[in-house]
Amino acid sequence: MRIPTDIKAFLRARHPLKILAACTALAVAGPVAVAQAAASSANSGPTVHFPGLPQVGALFGSADYTGSSASHFCTATVIDSPAGDLVLTAAHCVWDASTGTYTHSSITFAPGYDNGLNSHLGGAWTVAQIDVPAGYKADGDPVDDYALLEIVPQHGLSIERVTGGLRLATTRLPEQVAVVGYNDLVYDVSGNEPIICRATAFEETDAGEPWSRFNCDNYQDGTSGGPWITRGGDVVGVIGGYEQGGDSPNWSYSTIFNQATIDFYRSVAWS
C-alpha cells in the first residue's frame, strides 16, 4: 500500500515556515494528513527542519527516544514491497565490514520521528533481519552501500500498512530530489527534528566510480541512509556510498541505484 503524498507540491513549495505551521496543525489528523501536509514543505535551497514524512524515520540503537540522550544514529525509509515490511537505509549504518559484524546488537525504526516517537505511526518498530549486499558485506564496497531491514509487524499490521511506502527506482541524473535526514545531536542541537533540502542531484566521478551528489548544507553524521526522493515520489538514492556519504556537511553522495540495486531488492522482497 502506498499513501499519496503529492510529491510535486512537496518539491515546489516556496514558503517553508508557513507550510510548517500548517503541517503542525494537521499532525493530529493521522498519517494520511501528515503525509499530505509534509509533502508540501519543500524549500527552494537552504536546509530546514520540518515536521517530517510518515515513511521516513530514524534508526535507534537503544530505547532512548527523547531529549539530549536520544540514540538515533541513521535515517531510513519504508519502501513499497509485497509484504510491506521493508525499510531502506545505508549499509554502513548497519554493517561494519572492517570487523565483519553488525553495528548494533538490536535496532528499532521510528517512522515520522519528530522530537519523539509518533504514536499515530506505531512508535518504534523492531528490526527482525538485516539484508546487506554481498559486495558490501565482504569488503565494504561503497558501490553497494545500501541495505534493507525487515520489520516485525505490530498488531497484525505491516509497517507499510501504517505509514505507506515509497517506490524504489533506478537513478537518472541530473534529477531534482528532496533529501530527508536526522542529524546526530553532537552536531545539531535540533537533531531530533528531521531536516529537508531540495537540490539537483548530479553525477560526479571519484575513486574511479560514478556517484550521485547533491549540494545542501548541514547534512551531518546521522543523515546517512536518508532518502533521495524524486518529484514522483520514487527513492533513487540514500546518503552513503563514496566517503560513506561525504566528508563535508555541505554536500552528500549516494551510490547510483541501477539494475543491481533492483535485483537485490527483489531477492529480499520475494524471498
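**Notebook: rings, barrel and core**

I began with the aromatic rings. Ring pairs link Phe60, Tyr65, Tyr113 and Tyr182 into a cluster. I kept in mind that this is a predicted model. I then asked how many aromatic pairs the structure holds. The count is 10. Next I looked up one of them, Phe60 with Tyr65. Their ring centres are 4.8 Å apart and their planes stand at 65 degrees, so I noted the pair as edge-to-face. The cut-off for that label is over 60 degrees. Are Phe60 and Tyr65 buried or exposed? I found both of them buried.

One more ring went into the notes. Lys137 lies over the face of Trp95. The distance to the ring centre is 5.0 Å.

**Entry: the barrel**

I turned to the strands. Six of them close into a barrel, and I wrote down the order as S2-S3-S4-S9-S8-S7. The pairing is antiparallel. From one strand to the next, the twist averages 45 degrees.

Which strands does helix H7 touch? H7 covers residues 259-269 and packs on the sheet. I listed its contacts as S3 (72-79), S4 (86-89), S8 and S9 (147-151). The direction of H7 makes about 20 degrees with that of S9.

I also checked S7 against S8. S7 spans residues 108-111 and S8 spans residues 125-131. The two run antiparallel, and two bridges join them. Phe109 has Trp125 in S8 as its bridge partner.

**Entry: Thr77**

I picked a residue in strand S3, namely Thr77. Why does Thr77 count as buried? Its relative accessibility is 1%, and buried means under 20%. I then looked up its contacts, leaving aside neighbours within four places in sequence. Among them are Gln55, Val56, Leu86, Val87 and Leu88. Phe109, Leu166, Pro227 and Val235 are in contact with Thr77 too.

**Entry: the cores**

Last, I looked at nonpolar packing. The largest nonpolar core has 47 residues. Which of its residues touch the most other members? I noted Leu59, Leu88, Val94, Phe109, Val132, Leu149 and Ile151. A second, separate core has 13 residues, including Ala169, Val177, Ile195 and Cys216.

I followed up on Leu88, not counting residues up to four places away in sequence.

Terms used. Residues are numbered from 1 along each chain as its sequence is written. This is a predicted model: local features need pLDDT of at least 70, side-chain atom pairs count only at pLDDT 80 or more; totals for chains, interfaces and linings use all residues. Side-chain values use heavy atoms; hydrogens and water are left out. Two strands pair if DSSP finds at least two bridges between them. Helices (H or I, at least four residues) and strands (E, at least two) are DSSP runs, numbered from the N terminus. Axes are lines fitted to C-alpha atoms, for helices over the stretch in contact, and angles run from 0 to 180 degrees between N-to-C directions. Contact means heavy atoms within 4.5 Å. Buried means under 20% relative accessible area, exposed over 50%, partly exposed in between (1.4 Å probe, protein chains only). Rings of Phe, Tyr and Trp (its six-membered ring) pair if their centres lie within 6.5 Å; planes under 30 degrees apart count as stacked, over 60 as edge-to-face and the rest as tilted. A charge sits over a ring if NZ of Lys or CZ of Arg is within 6 Å of the ring centre and within 35 degrees of the ring normal. A nonpolar core is a set of buried Ala, Val, Leu, Ile, Met, Phe, Trp, Tyr and Cys residues joined through side-chain atoms within 4.5 Å.
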